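Dear colleague,

Please find below the structure that I am handing over to you, followed by an account of what was found in it.

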Amino acid sequence: MKGYLGEFEELVLLTVAVLGDDAYGVSIKEEIERRADRSISIGALHSTIARLEEKGFLKSYLGGATQERGGRRKRYFQLTYGGKSALHDIRNLRNDLWKKSKVNLALDL
Amino acid sequence: MSDKKRINPPKWPKRLFEWFCNEAVAEDLTGDMDEIFHNNLKKMSPIRASLKYCLQVLVLIISYGVKTRKGKYKHQHGSASYYSLAMYNSYSKIAFRSLAKQKTFSLINIICLSVGMSIGLLALAAYVDVSTVDNFQANASKIFRVTTQVDDANEKITYASSSAPLGERLKQEATGIEEIAQIASGFNPEIIQSANTVIPLEGYYADPGFLKIFSFQLLEGNPKQALAKPFSIILTQSAAKKLFHESHVVGKILEVKGLGNFEITGIVQDYPRSHLYFEVIASYNTIASLEQQQKIQRTLHNWGPVTNFYTYLLLNENKEEEDVAAVADKIINTQFTNDQKLKVSHKIQAIKDIPMSDLNNEIGLSWGYVSLAVFFFLALLVLLPACFNYTNIAIARALKRAKEIGLRKVSGGESRHIFMQMVMETVILSIISLIGSIFIFMAIRESFLDMIVGGARTFDLELTPLTIFAFFLFAIFTGVMAGAFPAVYFSKLNPIETLRNSSQSGKLSKISIRKGLIVAQFALSMIFILGVAILVKQYRYALNYDLGFQKENILDISLKGVNEKILITTLERIPEVTSVSLSSSIPGNWLASSVMVKHQEKHDSLEVYQMFVDHNYINNLEIKLIAGTSFPENASEFEEYIIVNETFAKKFGFGSPFDALSKSVVVGNKELRVIGVVKDFNFMPLQEAISSFFFRMDPSKFNFANVKLKSQDIRQTLSKMESSWNKISDQKFEARFLDDELEASLISFKSMVKIFGFLGAIAIVISCLGLLAVVISSAESRMREMGIRKVFGASVVNLAINLSKTFVKLIAVAVVIATPVTYFLFDQFFLRMIFYRASIGFMEIALSIVLLFTLVFIIIGSQTLKVARINPVETLKYE
C-alpha cells in the first residue's frame with residue numbers, strides 16, 4: 001500500500017506545501033493547529049513525518065545555525081515529486097467521488 | 001524580555017532525551033521543543049510549560065519518528081556501536097607499543113600486579129574449591145541434612161548434627177522422604193596390623209542409606225549389603241592400600257583395638273572433595289552391638305546429646321523442605337518438654353549450602369563463610385597497593401602521553417574512546433601479569449596449605465578450567481580497577497592545553513592524588529610491619545608468661561586405662577624421675593571442664609572449672625599453696641575435700657584464704673569441704689581471665705601421669721620409660737612435655753604471625769616498587785633543574801636531599817597516620833580477645849618505623865643520588 005495516504009498525512013503534506021520554504025517542526029505544528037483547530041503533539045507530528053519520509057513523499061535538509069534555539073539547526077521539509085503526485089492522486093480520487101455522488105452534497109437546503 | 005530569556009526548559013529531561021537519541025540525530029527535535037517551550041512561556045506559567053516539555057520528551061521518546069531516525073543513524077559516526085573490531089585492534093597495538101616503550105615502568109607494574117594478584121588467586125581458587133565441593137553427588141539437588149538449633153536462653157547454637165533417634169521417627173512420620181542416612185561420627189579405629197604396629201584411620205558409622213543417597217562408588221562389594229550387618233566395614237581405596245598395599249581385600253578381617261573384629265565388605269573408590277571425610281565406614285548397627293557389649297557409651301537411644309549423630313535425607317523431587325522440618329520440629333518438641341528454658345528446633349539444609357555455613361560440630365571438613373570473607377578482604381588489601389602503583393605511575397607518566405591524547409581528540413576521538421583505550425591498556429597489562437601471578441600462585445600454594453590447619457584436606461587449589469576462567473575474570477577486574485582512574489583522567493584532558501608547547505600545566509601532575517596514594521600504600525605497609533611486631537611480642541610474652549605452675553621438665557603420660565598405682569611404682573624406679581602425680585587434664589589448654597557449684601547459704605550456683613588430681617599434684621607442679629594443705633595421701637573412697645583458688649574464695653565470699661578453710665560447698669549431690677587455697681594460676685590459656693577453679697580428688701577420673709624429670713639425656717630417659725611402660729601395658733606409650741603442649745596451644749597465634757608477615761612482606765614489596773617508579777619518573781622530569789642547580793654550585797648531597805624531601809615527607813605522614821590506627825586496631829579489637837597480654841610498647845613502634853624508613857631511604861637514595869651525580873653537561877647540552 002505504498003501510495004496510500006492517511007488523512008493526517010495529507011494534512012501534513014499540504015501544510016508543508018502551504019509553508020513553502022519555512023516548513024519545519026514547530027511551524028508545521030502551529031500551522032495545523034491554527035487552521036484545523038486541533039492540538040497535535042510533536043511526537044505524533046514527527047512520527048507522521050518519518051512515515052512520509054519513508055514513503056518518499058517528503059525530503060528534509062538541515063538549515064543553517066542561527067542564534068535562536070540555542071544555535072540548534074532547524075530541519076526543513078520539502079515535498080518531493082512523489083509527494084506531489086500522491087496529493088494529486090488523492091485529489092483526483094476525491095473529485096471523482098464528488099462528481100459521481102448520487103446524493104446532492106450541496107449544503108444549501 | 002531578558003527575564004524570559006533566563007527561563008530554560010528543565011535540564012534533565014533534555015539530557016535524557018539527548019542521551020536517548022544520541023545528540024546528533026535529535027538536534028532539530030530539541031530545537032523544536034525549545035521553541036515550543038518558549039512559545040508556551042508566553043501563554044502559560046513556567047511550571048506548566050516545563051510539565052508540557054517533559055510530556056513532549058516522553059511522547060517523542062516512544063514515538064515512531066525517533067525510532068526510525070535511530071535506526072537510520074545506527075551505522076554512522078557517534079552511536080554506541082561505533083566501537084568496531086578494527087578499533088579494538090588498534091587499541092591493543094598501541095597498548096603493546098606503549099608498554100614496550102617504557103620498559104622499566106611496565107616491568108614494575110607487571111611485577112607489582114603479579115604479586116598483588118597472587119593472593120587474590122589463592123582466595124579465588126579457595127572459593128572455587130569450596131563452591132565445587134560435593135559436585136559429584138548425582139542426587140545433589142535432593143539431598144538435605146537435618147540441623148539442630150539449641151536455644152538455651154543464653155545463646156543460640158546451630159549444630160550440623162541431630163539426635164540419634166530422629167532419623168527413625170522421621171522415616172515413620174514424615175512423607176516425601178525417599179531415603180534416610182544416619183551417620184555417627186567418632187569412628188576412628190586403630191587397626192592392629194601386628195603386635196607393635198597400629199594404623200589409625202578416620203571415618204563414620206553409617207547405615208545402608210548412606211550408599212544410596214551419596215554417590216560414593218563401590219569398586220568391590222555389594223552396595224546393598226555392605227553396611228547391612230554389624231561389624232561390617234568398608235574402606236576407601238587409599239585406606240586399603242595403606243593397610244594391605246592392594247585393594248582386593250573384600251572378605252578380610254580387620255582387628256580394631258578396643259572394639260573387636262570387623263569384616264571388610266566393600267571398597268569405595270577414592271572420591272573428589274566432599275564435606276564428608278572418611279577413610280573407613282562401619283555399619284551403623286555396629287553401634288548397637290558395641291553398646292550391648294559396653295565397649296562404648298550408650299547414646300543411641302538418647303534424644304539429649306545432639307553432637308554425635310547426623311541425619312541426611314533424600315527427598316522426593318517435589319517435596320518442600322519446610323514440611324519435613326516442621327515434622328522434625330514436632331517430634332523434637334515432644335522430647336524436651338521438661339526444661340522451659342531450652343528450645344530445640346530443626347531446620348533442613350541443602351547439601352550445596354553446607355560448605356559455606358558456619359555450623360557447630362560439622363561432620364567432616366568445614367570452610368565457612370566468615371573465614372573466606374576475611375581471606376578475600378586480605379587479598380584485596382594486598383591488591384590495592386598494586387593498583388595504586390599503576391595509577392601513580394600512569395599519572396606520573398601523563399606528560400608523555402598527553403600529546404598523544406590531545407592529537408587523538410583533535411582528530412575526532414571522543415572521551416569515551418580515550419577511556420576505552422586506556423582501560424584496555426591496563427587490562428592487557430593485568431592479563432600479562434596474570435601469567436606471572438599464576439606462577440607465584442603455584443609456588444606459594446604449598447606453603448599456604450601448610451599455614452592453615454588441615455589445609456591439604458580442605459583445599460586442592462588445583463588449576464582447573466573453572467579456576468582459570470575465574471582468574472581471567474579477576475585479571476580483567478583488576479585491570480579495570482587499576483585503570484579506571486587514569487583513564488578518566490586522560491579522557492578529560494583538554495586537547496588545546498596538551499598541544500600547547502608549554503604543557504607543564506599544574507593540572508597535569510595531579511600531585512595531590514599521587515601523594516594520597518603513596519601515603520595510603522605506606523600506611524598499609526606500616527600497619528603490617530607494626531602488626532607483625534605486636535604479634536611477635538605477644539607470642540613471646542605468652543611463651544614466657546609465668547602461668548603459676550611449673551611447666552619445664554614435666555612429662556604428661558596418657559594413662560590409657562593402666563592401673564595408676566602400678567605405673568607410679570614402675571616409673572619411680574627410673575632414677576631420672578623425681579616425682580609423679582596424677583591428674584584428669586592438662587592445665588593451660590582449652591579443655592578444662594566445669595561444673596555448677598552451689599553455695600551453702602546462698603541459693604544461686606556458679607560455674608566453676610575443675611580438675612581431678614592426686615595428693616602429689618600441687619607439690620609436683622609447684623603450685624603455690626597459700627592456706628591449708630594438699631589432699632591427704634590415703635584418700636577415703638568418698639570424695640570429701642576440695643582445694644580452691646583465690647578467685648573461688650573471693651567469688652564465694654569466704655573472705656581471706658584462711659577463713660575459706662573448712663567451709664563447704666555443694667557439687668552435684670556431694671558436700672565438699674575446702675582444705676586448701678592455692679594462689680591463682682592460669683589453668684586456661686592466656687586469652688581467658690582466671691576464674692573460679694577447684695581441685696578435686698577422684699581416682700576414677702585420672703587420665704594423665706605427670707612425671708617430673710631431672711635428666712641430662714632426655715631421649716634415653718624417654719626410651720627407658722617406654723620400655724617400662726611396655727611391660728605393664730600393650731597400648732602405645734604416649735607422652736608429651738607440658739611446655740610443648742602449651743606451645744602447641746599457641747599454634748593459631750603462630751600461623752597468624754606467619755600469614756600476617758607474609759602478606760605484610762608482599763604489601764611492602766609492592767609499595768616500595770611503586771615508590772621506586774615514582775621517584776624515577778619525578779627525578780627524570782627534574783633532570784634539567786638539577787643540572788642548573790649543579791652548575792650554580794649545589795653539591796650532590798644537596799641535590800639528593802632536594803629530590804627526596806617530598807617523598808620522605810609523604811612516608812612520614814603515612815607513619816603518623818598508620819601508627820595510631822594500628823595501635824587502636826590491635827589494642828581495641830585484637831588484643832581485647834586476650835586477657836593477659838603484652839602492652840604495645842615504644843620499642844615495637846620505634847623498630848617498625850626505623851625498618852620502614854631504612855627501606856624508603858634505600859629506594860629514594862639510590863635513585864636521587866644517581867640523578868644528582870649526572871654531569872650537568874649531559875642534561876643541559878641541548879639547551
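How many aromatic pairs does the count come to over all chains? The count comes to 37 aromatic pairs over all chains. Please bear in mind throughout that this is a predicted model.

In chain B, ring pairs link B:Phe136, B:Tyr204, B:Phe210, B:Phe214, B:Phe216, B:Tyr271, B:Phe278 and B:Tyr312 into a cluster.

Chain A itself has 109 residues, and 41% of them are buried. Its secondary structure consists of four helices and two strands. Along the sequence these elements follow the pattern α-α-α-β-β-α, so that you may trace them in order.

I turn next to the open spaces. The largest pocket has a volume of about 1,400 Å³. It is lined by 42 residues, and those closest to its centre are B:Ser371, B:Val374, B:Leu378, B:Met752 and B:Ile755. Several helices of chain B each supply at least two residues of this lining, among them α7 (103–131), α13 (369–396), α15 (415–451) and α20 (511–544). Which element gives the most to the lining of the largest pocket? That element is α27(B), with eight residues. By class, the lining of the largest pocket divides into 32 nonpolar and 10 polar residues, with no charged ones.

The largest cavity holds about 220 Å³ of space. Its lining is made of 19 residues, and B:Gln102, B:Tyr390, B:Ala394, B:Arg401 and B:Glu425 lie nearest its centre. The elements of chain B that give two or more residues to this lining are α6 (85–101), α7, α13, α15 and α17 (465–491). The lining of the largest cavity has 10 nonpolar, six polar and three charged residues.

The second largest cavity contains about 40 Å³ of space. The residues that line it are B:Met783, B:Met786, B:Gly787, B:Lys790, B:Val867, B:Ala868, B:Ile870 and B:Thr875. Two helices of chain B, α28 (783–791) and α30 (842–869), each supply at least two residues of this lining. Of the elements, α28(B) gives the most, with four residues. The lining of the second largest cavity divides into five nonpolar residues, two polar and one charged.

Finally, I come to the cysteines. A disulfide is a covalent bond between the sulfur atoms of two cysteines. How many disulfides does a search of the whole structure find? The search finds zero disulfides over all chains.

Yours sincerely,
A colleague

Methods:
Residues are numbered from 1 along each chain as its sequence is written. Chains are lettered from A and ligands numbered from 1 in the order in which they are written. This is a predicted model: local features need pLDDT of at least 70, side-chain atom pairs count only at pLDDT 80 or more; totals for chains, interfaces and linings use all residues. Side-chain values use heavy atoms; hydrogens and water are left out. Rings of Phe, Tyr and Trp (its six-membered ring) pair if their centres lie within 6.5 Å; planes under 30 degrees apart count as stacked, over 60 as edge-to-face and the rest as tilted. On a 1 Å grid over the protein atoms alone, a cavity is a set of points where a 1.4 Å probe fits but cannot get out, and a pocket is an open set with protein on both sides within 12 Å along at least five of seven lines; lining residues have an atom within 4 Å of a point. Grid points are joined across faces, edges and corners, and a volume is the space filled by probe spheres set on the points. Ala, Val, Leu, Ile, Met, Phe, Trp, Tyr, Cys and Pro count as nonpolar, Asp, Glu, Lys and Arg as charged, and the others, Gly among them, as polar. A disulfide is a pair of cysteine sulfur atoms within 2.5 Å. Buried means under 20% relative accessible area, exposed over 50%, partly exposed in between (1.4 Å probe, protein chains only).
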